Amino acid sequence: MIKRLKEILPTILRSDFENILFIVGVAIYWSLHWIKFIAMGFITSSDTSTYFAAGELFANGGIDYLRTPIYPLICHIMHHYFGEYVLESLTALHLIVFYISIIFLHRTISLFTDKWAFKFIPTALYAWSIPIFEMCLYIMTESLSISGMVILIYCMSRIIVGKAGRGTIWSAALILLFLVFLRPFNVCFIPILVLIMYFSHRKGSLKHLKSAIISLSATSVVFFSYCLWFFNTYGIFGFSYVSTLNLFMISCGDQISELPYNELTEEVQIGHGRDIYWVWFDKENCVAEAKKNLKEHTAHFVKGKIILIGKSCFKIFPHVKTWPAFHYSAIFQCVTMNIIFIALMVLIPFELWLWIRKRRRLVPIIALHLLICCLSIATTIVGSSNGEIERLSMPMFPSLCLLVGLLAEQTNFRLQESAVQQSQQFCN
Amino acid sequence: MTKIKKLLHSERFVLSMIIIIGLALNVARMAAIGFQIGVYDDSGSYFTSGDVFASGNIDHLRTPVYPLLCHFLASISAPHTFKIIVILQLLVYLSSALPMYYAVSRLTRRKRFAAIATALYTWSPMFGGYIHLILTESFAISCTTYLIALLTAITLSRHKIAATIGTAVFLVFMIMLRPFFVCFIPAVAIVMIYALIKSIRNRLYVIANIASMIGIALALGGYMAAYNRAYGSYSFSCVYELNRCLALKKLELIPTIESLNYFGYATKGDINDDVIFMPESWVWQPSQQYRDMCEKIYNDNFVTYTKAKIFDFLYSFVLFYTGEMNSPVLESLFHMRISYFYLFTVLFILLELYYLFWRKSCVVISAALALIFVGGVFTAIWGADSQFVRIMTPMLPCVFVMAPIFLSRFSFSIDNIDKP
């Protein structure tokens with residue numbers, strides 16, 4: 001029996017299909033088991049209800065000042081079809097998209113390595129991460145944003161390795177569109193896609209330049225139209241008021257402690273005390289004043305941001321809300337942000353050194369992931385007001401998982417063939 | 001360019017640079033806090049104990065080395081005692097970069113690994129943050145590094161006899177510096193026994209080895225016997241007993257800590273009749289009846305006590321190794337969770353077990369390092385009541401040796417050719 005197992009095991013381990021099946025199977029079992037284990041239901045915040053309120057507005061043909069359309073519309077549709085089970089259905093949707101994204105992550109890493117361990121470990125890190133399960137319970141945009149990011153990374157990776165057909169290029173543009181309208185924060189990934197297409201074209205690995213140009217142009221037109229629509233309605237050229245609100249909050253400091261609340265209409269009420277949402281209107285043109293204030297006190301603003309970086313060093317990444325529930329079981333799945341900062345500080349010069357030394361294998365794809373991490377962190381630090389850096393920069397989590405496998409492949413990481421010294425060196 | 005490359009390949013140059021930068025960083029760190037010296041109630045207790053030892057008695061609370069050093073310096077130049085201690089701690093710490101380099105380079109045979117590990121060790125705020133404190137931690141960190149180098153020398157050097165005798169003497173010195181180091185005895189024993197077995201045909205070495213082991217036992221046994229005669233228990237100090245009482249009080253198993261007295265303390269005058277006034281010092285002088293009661297309660301509630309200690313261990317997962325740097329941002333960058341070190345050690349042990357059983361490789365130094373780590377964690381959790389991070393810190397240098405060994409088990413290479 002053991003002999004047979006020994007014969008079969010390497011074949012099973014080397015097969016991508018069985019690997020994926022195993023990882024996804026365990027992820028399904030573990031996520032459901034964990035959700036049952038913590039038995040705490042859905043995680044909502046004061047932001048959750050704003051999506052339902054915005055959903056109603058979007059469904060009626062309006063445009064919301066705070067939220068971009070995708071998630072509010074999903075919430076609205078789910079509410080329409082599932083009624084009081086809307087939170088359950090949203091969680092199920094998050095979970096399903098997450099399980100699908102595991103397959104994409106595995107396929108992404110398979111583009112760059114043949115070694116099963118280097119494929120297995122990053123995928124397992126992503127698929128079995130308890131914080132990611134928790135994100136699926138979060139009735140917010142994080143879960144879909146992370147899963148969407150995995151699919152976008154897959155498309156980008158295909159473009160980098162020169163395996164992108166028209167479908168991949170259009171998919172990349174569409175997913176980017178989806179991600180930005182899901183969460184305006186993802187706007188930081190637009191330049192990455194443009195850069196990848198540009199460099200792939202220069203390298204000659206982009207075979208469908210026309211598709212790339214048309215897809216990017218179409219996406220830009222959609223973005224521009226939305227921004228114009230928003231400008232016509234609210235007087236600001238952008239996707240939402242969130243960044244403006246954050247700017248205002250930074251400028252005002254503690255002055256805006258309480259925001260006014262509204263109640264959801266009966267049609268979209270979700271119950272369980274979650275029917276109140278916060279609102280904010282720029283009644284007295286205070287944003288303009290805040291912007292003026294910030295301009296005058298730029299040094300103070302920059303200092304505040306540096307302090308924010310210092311404070312964020314102690315934050316746990318990936319973000320976890322239900323910390324006490326799995327304090328010790330999942331502690332090794334999280335790191336403090338300072339570890340990520342240090343890793344980035346070491347990896348960026350290392351990759352630059354490799355590039356200069358013309359050892360460029362895998363450098364572009366690793367550079368892509370480093371760029372994703374840096375932009376996520378930078379956007380969060382510049383854009384956020386309350387320093388929730390670990391939650392807002394969650395879309396970089398798949399990149400961090402993939403970096404593990406890619407760096408192992410780049411350095412040909414393996415066990416030494418010969419036994420190491422200690423016994424051989426012993427002097428008699 | 002060739003000259004620079006040549007210079008970088010020179011061990012002396014690399015080590016000097018590491019030590020000079022280490023010196024600059026540590027001085028900068030101390031300057032950032034205004035050259036303040038950390039004097040606590042524990043610092044005061046060393047001076048109090050110093051007077052007891054100087055009068056030819058054994059102190060109840062402290063082992064002799066650090067108190068005697070404090071006493072000696074206070075009797076020479078009281079106004080400068082703290083500064084001299086800090087400078088001594090800094091020098092001993094910087095000098096410990098050499099044994100660190102020696103140990104890593106001999107164990108991994110990779111100079112680059114050794115240089116990186118030594119640089120990280122010397123520049124780390126985890127260790128540097130203890131230099132300006134009048135506590136035993138800084139010396140303890142440096143001593144651990146020296147001990148690791150001696151253990152390496154026992155297995156890998158040609159001067160095994162000197163290394164073995166040196167290790168024995170040094171271990172006794174370390175325990176007399178800080179009774180915590182009792183937990184290092186298994187690690188030292190495993191290396192010495194291994195060396196004895198390997199060199200069983202070398203009579204001179206066998207005699208030296210056995211004599212060293214007997215020497216350690218006699219020295220420690222002698223001190224314990226003297227302590228027993230003075231205070232009625234076979235121990236090196238009452239710190240463990242006190243911490244146990246504190247833990248029992250926290251569990252509400254005993255009502256109070258008896259006779260734990262805090263007081264201001266002035267040392268005896270130095271050659272110019274100057275004194276140091278310690279704003280706070282402490283002693284613990286419980287009655288025998290109280291000690292017996294605590295012992296009985298401890299025995300009766302052993303399970304509860306053990307459970308509390310397990311929770312302490314779990315609690316330690318989320319603690320940070322702190323360091324002090326010039327600015328808050330830089331300081332935050334170097335905070336490390338203890339759980340990372342636990343995880344690394346578990347991985348290290350698994351890898352070494354793999355090498356031991358599958359590759360038939362000898363892992364005696366790795367075993368000693370792992371034992372130092374595990375023993376350090378166990379002693380800190382079991383023997384202390386709080387401040388686990390500070391108490392665990394002396395076993396940390398072994399992580400800086402374990403990490404290069406761990407990495408040397410793997411091979412890395414980066415292709416020269418751009419593959420498609």
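Student: Which residues does A:Met135 touch, not counting residues up to four places away in sequence?
Tutor: A:Met135 touches A:Glu142, A:Ser143, A:Ile146 and A:Met394, where contact means that two C-beta atoms, placed from the backbone, lie within 7 Å. This is a predicted model, in which local features need pLDDT of at least 70 and side-chain atom pairs count only at pLDDT 80 or more, while totals for chains, interfaces and linings use all residues. Residues are numbered from 1 along each chain as its sequence is written, and chains are lettered from A and ligands numbered from 1 in the order in which they are written.
Student: Is A:Met135 buried or exposed?
Tutor: A:Met135 counts as buried because it has 27 C-beta neighbours inside 10 Å. The term buried requires 20 or more other C-beta atoms within 10 Å of the residue's own, exposed means 12 or fewer, and partly exposed lies in between, with C-beta atoms placed from the backbone.
Student: And which helix holds A:Met135?
Tutor: A:Met135 lies in helix 7 of chain A, residues 130-137. Helices (H or I, at least four residues) and strands (E, at least two) are DSSP runs, numbered from the N terminus.
Student: How many residues has the largest nonpolar core?
Tutor: The largest nonpolar core has 99 residues, and A:Leu152, A:Met156 and A:Leu176 are among those with the most contacts inside it. Helix 8 of chain A (residues 142-161) supplies the largest share of this core, 12 residues. Such a core is a set of buried Ala, Val, Leu, Ile, Met, Phe, Trp, Tyr and Cys residues joined through C-beta atoms within 7 Å.
Student: What does A:Leu176 contact beyond four places in sequence?
Tutor: The contacts of A:Leu176 are A:Leu152, A:Phe189, A:Ile190, A:Leu193 and A:Thr219.
Student: Turning to chain B, what does helix 10 pack against?
Tutor: Its buried residues pack against helix 4 (65-76), helix 9 (137-156), helix 11 (185-198) and helix 12 (203-231) of chain B. Those buried residues include B:Ala163, B:Thr167, B:Leu171 and B:Ile175.
Student: Where does pLDDT stay under 50 in chain A?
Tutor: Residues 422-428 of chain A stay under 50, pLDDT being the predictor's confidence in each residue, from 0 to 100. The average for chain A is 82, and 82% of the residues score at least 70.
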